[in-house]
Amino acid sequence: MELKSLIEVEHISFGYTREIVLSDVSFAIGEGEIVTLLGPNGCGKSTLIKIMLGLLRPANGDVFLNGRNIGQIGSRALARKIAYVPQIHRSSFPYTVMDVVLMGRIPYKPFFFRYSKTDQRIAGDALERLSISHLADRAYTEISGGERQLTLIARALAQGAKTFIMDEPASGLDYGNQLRLLDQIIKLSREGYTFIKSTHSPEHALWIADRAILIKNGAIAADGKCDEIISSENLFSLYNARVNVLKLTGSLRVCVPQTICGCAGFGHSPRVLDDSDSPLPCAVIQGA
Ligand SMILES: Nc1ncnc2c1ncn2[C@@H]1O[C@H](COP(=O)(O)OP(=O)(O)OP(=O)(O)O)[C@@H](O)[C@H]1O
């Protein structure tokens with residue numbers, strides 16, 4: 001089924017200086033999609049995200065939200081449509097976690113305002129959804145990087161926008177919180193939310209995303225279904241790392257390095273496990 005285009009990125013080129021960072025980048029995102037941007041450090045993911053949010057102006061090209069050029073949408077109106085979870089966020093003022101989450105309600109407020117009971121309830125629900133209600137009264141400057149990341153995701157939820165653009169949202173989260181975040185993304189996507197997120201974990205894309213856009217040297221190297229384009233060849237081309245993409249029973253895929261420190265990795269020769277493989281309790285491997 002053809003998805004209705006929500007965001008269209010058309011022929012974007014950009015450079016901070018004369019050096020080109022993004023070159024003729026085009027794609028469209030459908031409503032309800034989970035799209036992952038993958039690519040090596042410095043390839044231009046954050047820059048592309050900032051252009052999609054209207055925070056940077058491209059040298060060439062345009063970004064459209066529901067057919068309207070985002071340059072013509074006011075920041076408050078845009079914030080009701082798109083929530084941004086940045087890669088790193090510091091605050092020098094010791095707002096409480098609850099204050100930071102309540103800031104998500106500002107796009108709905110007049111110039112002078114007080115938060116209403118409804119705002120408090122929405123912010124409280126967002127904290128609860130991310131399992132961080134216990135942090136509500138803590139100073140944002142005095143919680144861990146991972147807790148700050150969860151707070152920003154709660155703020156994005158409180159913002160009420162149905163599209164999330166997230167720059168490496170799992171970075172800094174412990175393993176359990178990474179999995180809970182992926183779980184939340186899936187649940188929200190089933191409720192009609194759209195996600196565009198960058199990550200350095202191809203597995204996170206394989207586990208939850210519908211689609212991946214691979215970026216190399218500021219240009220799109222591949223764009224398609226994760227199962228089809230997150231392959232050994234493409235990962236080698238992106239990261240110069242030899243990795244096998246293995247399919248476990250069911251549809252789950254995992255990435256396994258071919259070698260670690262010169263030792264042959266498990267993924268070197270995919271095969272069906274037998275009893276002698278007991279240290280690897282991970283079911284039947286079918287080969288990618
Ligand atoms: N404010 C800036 N001024 C000048 N150059 C910048 C600026 N921000 C980023 N760059 C450069 O633009 C290029 C793309 O950076 P960007 O942050 O978009 O990459 P990225 O793919 O998000 O990287 P990472 O995965 O490491 O976060 C890099 O070469 C970077 O050094």
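Visitor: Is Q149 buried or exposed?

Guide: Buried means under 20% relative accessible area, exposed over 50%, and partly exposed in between, with a 1.4 Å probe and protein chains only. Q149 has a relative accessible area of 4%, so Q149 is buried. This is a predicted model: local features need pLDDT of at least 70, side-chain atom pairs count only at pLDDT 80 or more, and totals for chains, interfaces and linings use all residues. Residues are numbered from 1 along each chain as its sequence is written, and side-chain values use heavy atoms, leaving out hydrogens and water.

Visitor: Where is Q149, and which residues is Q149 in contact with?

Guide: Helices (H or I, at least four residues) and strands (E, at least two) are DSSP runs, numbered from the N terminus. Q149 sits in helix α5, residues 145-158. Contact means heavy atoms within 4.5 Å. Apart from neighbours within four places in sequence, Q149 is in contact with V85, P86, Q87, D167, E168, P169, S171 and L173.

Visitor: Where is A170 found?

Guide: A170 belongs to the loop between β7 (163-167) and α6 (175-190). Its relative accessibility is 12%, so A170 counts as buried. Setting aside residues up to four places away in sequence, A170 touches Q178, L181 and H204. From A170 to G146 the C-alpha distance is 8.3 Å, although they are 24 residues apart in sequence.

Visitor: Which residues of α1 are buried?

Guide: They are K45, T47, L48, I49, I51 and M52. Helix α1 (residues 45-52) is largely enclosed by the rest of the structure, because 6 of its 8 residues are buried. After α1 comes G54, with a positive phi near 75°.

Visitor: Which residues come nearest to the ligand?

Guide: A residue is near a molecule if one of its heavy atoms lies within 4 Å of it. There are 13 residues around the ligand, and N41, G42, K45, S46 and T47 come nearest. For S46, an N or O atom of the side chain is 2.8 Å from an oxygen atom of the ligand. The ligand taken alone exposes 640 Å², and the protein buries 58% of that; such areas come from the Shrake-Rupley method with a 1.4 Å probe, and for residues only the protein chains shown count as cover.

Visitor: How many helices and strands does the protein have?

Guide: The protein has 9 helices and 14 strands. It has 288 residues, of which 47% count as buried.

Visitor: What is the mean pLDDT of the protein?

Guide: pLDDT is the predictor's confidence in each residue, from 0 to 100. Here the mean is 86, and 88% of the residues reach 70 or more. Residues 270-288 have pLDDT below 50; beyond near neighbours in sequence, this stretch has 28 contacts in the model. Where pLDDT is low, the predicted coordinates should not be read in detail. For the complex, the predictor gives an ipTM of 0.98 and a pTM of 0.86.

Methods: A polar contact is a pair of N or O atoms within 3.5 Å; within protein, one must be able to donate a hydrogen and the other to accept it, and residues adjacent in sequence count only if both atoms are side-chain atoms.
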